[in-house]
Amino acid sequence: MQSLFRVEGMLPSWIVLDELLTHWLREDIGRGDKTTDGLAELARAKGKAYWVAKEDGVIAGLPIAERVFSLLDNDVVFQAQAADGDYIQKDTVIANIDCQLSTLLTGERVALNLAMSLSGIATTTRQYAEVITDLPTQLVDTRKTTPGMRLLEKYAAYVGGAQNHRMGLDDGVMIKDNHIAVAGGIGRAIKHIRARIPYPITIEVETESLEQVKEAIAHQADIIMLDNMPLETMYEAVEAIRAANKRIKIEASGNITLDTIRAVAETGVDYISSSAPITRSPWLDLSMRMKQS
């Protein structure tokens, strides 16, 4: 089933990704695939395989899987039967692959690991996004990602229906509790940082109380995060921010679950950030099976 969350053209450039994919292949292959190499001429023959979903979920990472096989063999024919963002059911064939058998055998684990991991993130993200799909609030991801996997994990979150928050520290200013502690207050932190950042980088401030919200408003923060606030306080904070400056964007964060996300969205915040779709997602079970000739 095709999804309203389908994306096109959001995959990072291969110039960026090839280094990562090659590293992961080298990690797995090591000094050689002893099993496949031991099959000698048997593995050098052409063969066909297909990928099948062993459970329902949202697919993400098929173009990446194709690239993994292509890095091993330029003559790979990878025919995706689903698109990233599609919700598929158990036993659905999602790809057919035609290439040298050694390529299938050596590339299988890296390609499947990536697709299963990313599909798991996309599936969990979709569950969160669908709870608030009829509301104007947008689900966004966080920087809580696996080292080395951020580009792909954030891609999977986007496929699942979230918007990407900062990709890295250089994407924008987010003044968190420890920055506030170092600066001696929100106002001092904003003043120091604003004098040193280029236009048009925005300044976001994490707040934990109404007093901090008022300080962030007074010092013209572009985005105010309401962190771990009770719903009653959150309603008050949203009302205060909207009354002071309608251009300030409001983000809620902290202990967001499938049970709480809708109530948080109903407070009127613009964004809800959560690490859960990435950090708490189980892999989607996929399998590669050889076609008998």
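How many residues of domain 1 are in contact with domain 2, and how many of domain 2 with domain 1?

## Two domains and their interface

In this predicted model, 18 residues of domain 1 are in contact with 14 residues of domain 2. The domain assignment places residues 14–124 together with 282–290 in domain 1, and residues 131–280 in domain 2.

The centres of the two domains, taken over C-alpha atoms, are separated by 36 Å. The size of an interface is often given as the accessible area lost when the parts come together. Between domain 1 and domain 2 the buried area is about 1,200 Å², and carbon and sulfur atoms give 78% of it. On the domain 1 side, the residues that lose the most area to domain 2 are L118, I121 and T124, which together account for 37% of what that side buries.

## Confidence along the chain

The protein chain has a mean pLDDT of 95, and 97% of its residues reach 70 or more. Residues 1–6 stay under 50 in pLDDT, and for this stretch the model has 17 contacts beyond four places in sequence.

## The largest pocket

The largest pocket holds about 460 Å³ of space. It is lined by 22 residues, of which T142, K144, K176, S253 and S275 are the closest to its centre. Two strands, β9 (223–227) and β10 (249–253), each supply at least two residues of this lining. By residue type, the lining of the largest pocket consists of four nonpolar, nine polar and nine charged residues.

## The second largest pocket

For the second largest pocket the volume is about 240 Å³. Its lining is made up of 14 residues, and those that lie nearest its centre are H165, R166, T202, E204 and I223. Here the lining divides into five nonpolar, five polar and four charged residues.

## Backbone features in two loops

Most residues other than glycine have a negative phi, and most peptide bonds are trans. Two places in the backbone of this model can be read against that background. The peptide bond that joins Y199 and P200 is cis, with omega about 5°, and P200 is found in the loop between α7 (186–194) and β8 (203–207).

The other place is D91, a residue other than glycine whose phi is positive, near 75°. D91 lies in the loop between β4 (87–88) and β5 (93–100).

How values were computed: Residues numbered from 1 in each chain as written. Predicted model: local features only at pLDDT ≥ 70, side-chain atom pairs only at ≥ 80, totals over all residues. Heavy atoms only, no water. 1 Å grid on protein atoms, 1.4 Å probe; cavity = no way out; pocket = protein on both sides within 12 Å on 5 of 7 lines; lining within 4 Å. Points joined across faces, edges and corners; volume = space filled by probe spheres on them. Helix = DSSP H or I, 4+ residues; strand = E, 2+ residues; numbered from the N terminus. Nonpolar A, V, L, I, M, F, W, Y, C, P; charged D, E, K, R; others polar. pLDDT = per-residue confidence, 0-100. Contact = heavy atoms within 4.5 Å. Domains from an automatic or database assignment. Buried area = accessible area lost by both parts, 1.4 Å probe.
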